[in-house]
Amino acid sequence: MYSRAYKWIVSTPPILWVTIFLLLPYALMFAHSFWLVRDGVIAHEWNLQNYAKLFQNLVYLEVLFRTMRIAAGVTLLSLLLGYPLAYYMSFHAGVRKDLLYQLVIVPLWVSYLVRGYAWKTILGSEGVLNGFLQYIHLTKEPVSFFLYSPFAVVLMLTHIYTPFVFLPLYASLEHIPRNLVEASHDIGAGSRATFFRVILPLSLPGLLAGATFAFLLTLGDFLAPLLVGGPSSIMIANIVQSLFGTAYDWPLGAAISVSILLLTISLLFFTERLEKRWSVR
Amino acid sequence: MTAAGSTTEHAAARAAQGNVLLEVRSVAKSFGPREVLKHISLEIAAGEFLTLLGESGSGKTTLLRLIAGFEQPGSGEIWMSGERLDTLPSYRRRVNTVFQSYALFPHLTVQENVAYGLQVSGATKSEISGRVNEALQMVKMQEFAASRPATLSGGQQQRVALARALVNRPKLLLLDEPLSALDANLRKQMQGELKSLQRELGITFLFVTHDQDEAMALSDRIALLKDGGLEQVASPREIYAHPATSYAAEFIGQTNLLRAEISNGVAACGSLQWPATQPAGPALFSVRPESIHLSNDAAAPSDAVRFRATVRQQIFSGSSEHLELEAAGQSLRSRIPARGPLSGQHEFWFSPADAVPVRE
């Protein structure tokens, strides 16, 4: 049995941490979303008008849908890139496995901002991509739509989040006992049937975890639109940022934050249920 | 490799070899610098129950994996029914495997696991359900058709694995230590079921095990492997009565190895002497413990090799006594019918016919 003192010492730091950095901020945010701003000051009067605004002013819903479209694009693209990579590495890379794994991980050590700026230099009108296209005489003048478009945001975030999709996928593929693949071949299934009937179903939990990462991380991103997105690809987090900043409407910002939080939590809840259903071991 | 013998099983196995199903021709396999199989040649008759017996690292599982198609031979060929097998991918071979760890698909039910092979081969729905039922009935697992493998016991999973492999009606069934994960009682029971299933279906079984008792109980013939080479291929009775090598003699059952010197048609090992037909020089003989008799128990034939020995140790095991003897500087093991405590010196004998010459 542990002593009382020991229990106190062990449990106090996490309780403090959760209270100060999670419960308190969330409570404040939640409270703010039901207050209002009057004459440039936050008035502590309980009301629902912030939530009403979300549905009255279509801009917010429009931006939310755009954000979700971008997030879906990033999720899809990172799966399309991450799955073949994870599959190849897990089943066919042999001795190069460890090296390749490190190569996938290394970009995670590079600052998000550095990678964002790198895309700026690649996609800009004086950038590497335009320089190359003109060099091979595919275009005569710099193409301007590479940068400052939702496309650029999707491209940059796909680059940044593909490792996050790759990791859980790779882990779930590595967990598939190899004798299941042999058993499948043994009883008459070729590589294609084995992939769709054994490997893919058994990797679904990892696929779902990776997709959830990419989707939710994109949903909360506000730097990519600032760096490479431009006005046409403002995302919901940019609106929250401006409401808390220059616009000084904390209650409305808080209401949006609470809505996104609810969306995120219900999504996590849903995927967790699915993951449990799909993971059979 | 097969030594001369006259038991009926042996004759039957030989006659059956007229109808060769699988032929392994000088197959060798290395993993890096390690030579796992050293030019193995082996024929398996249709309908035969052949066991690959050997210690871990003897190459028995590698040979099985080559036949299944999970590995490619370094050199040599494998043929089945007049068709080259080793160049076919494993999913084209009419060979199915029961894996040591069962390898059931965890995301599929028992029924779906068994149906898998038929589904990928494009059988019709009605054919699939008929044959799946038949296969599940064969292994008495119909009532678990809708269960997931994780909810089944080891023995039940084993049966499902068997049904999954048999539903494709293979010409050859490979079994990779299928009983090693089961407890002793269940193991005995499954041995019996496997054997009767094999007789009923008439499918050729290639069984891998490291357990010599299991090999003896189940097999028509045993192929004994050591360090990637075949020591002996023969029926259990033949291999027990006439082990080809000292390794075969010691691995299958217990034995006494007598190092003798032959001159003028007489083998001499210390003070023991018996007639031998081998050429002069050193020779090794195997004498089974049950071939060494106590003179008081059994009347010795006229040509018996008699000797006096000291009983060093006696272990009673119900119907028999295991004796550790010392005679003429040799330590010998004997198994005699139970007869009460023994001590001191006694006279023992063995028949020269039971001193089987073996290679080193």
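**Close-up views of a predicted model**

**View 1. Cys269(B) faces Leu272(B), a residue of strand 13 of chain B.** The model is predicted. Strand 12 of chain B covers residues 266-269. Strands 12 and 13 of chain B are antiparallel partners, joined over four bridges.

**View 2. Five strands of chain B form an open sheet.** Their order is 13-12-11-14-20, and the pairing is antiparallel. Strand 13 (272-275) and strand 20 (356-358) stand at the edges. Each has a single partner strand, so one side of each lacks a neighbour in the sheet. On average, neighbouring strands are turned by 40° against each other, direction ignored.

**View 3. The largest nonpolar core holds 103 residues.** Those with the most contacts inside this core include Ile67(B), Val114(B), Ala163(B) and Leu173(B). Domain 1 (8-94 + 170-250) and domain 2 (254-358) of chain B both contribute residues, so the core lies between them. Leaving aside residues up to four places away in sequence, Ile67(B) touches Leu22(B), Ile78(B), Val95(B), Leu174(B) and Leu206(B). A second, separate core has 46 residues, among them Tyr148(A), Met156(A), Leu157(A) and Leu167(A).

**View 4. Helix 12 of chain A runs over residues 250-278.** Its 29 residues should span 42 Å at 1.5 Å a residue; the end C-alpha atoms lie 41 Å apart, which agrees. Its buried residues include Trp250(A), Pro251(A), Leu252(A) and Ile256(A). The packing partners of the buried residues are helix 1 (4-32), strand 1 (36-38), strand 2 (41-43), helix 2 (49-56), helix 3 (58-92) and helix 11 (236-244) of chain A.

Methods: Residues are numbered from 1 along each chain as its sequence is written. Chains are lettered from A and ligands numbered from 1 in the order in which they are written. This is a predicted model: local features need pLDDT of at least 70, side-chain atom pairs count only at pLDDT 80 or more; totals for chains, interfaces and linings use all residues. A nonpolar core is a set of buried Ala, Val, Leu, Ile, Met, Phe, Trp, Tyr and Cys residues joined through C-beta atoms within 7 Å. A residue is buried if 20 or more other C-beta atoms lie within 10 Å of its own, exposed if 12 or fewer, and partly exposed in between; C-beta atoms are placed from the backbone. Domain bounds come from an automatic or database domain assignment. Two residues are in contact if their C-beta atoms, placed from the backbone, lie within 7 Å. Two strands pair if DSSP finds at least two bridges between them. Helices (H or I, at least four residues) and strands (E, at least two) are DSSP runs, numbered from the N terminus. Axes are lines fitted to C-alpha atoms, for helices over the stretch in contact, and angles run from 0 to 180 degrees between N-to-C directions. The expected span of a helix is 1.5 Å times one less than its number of residues.
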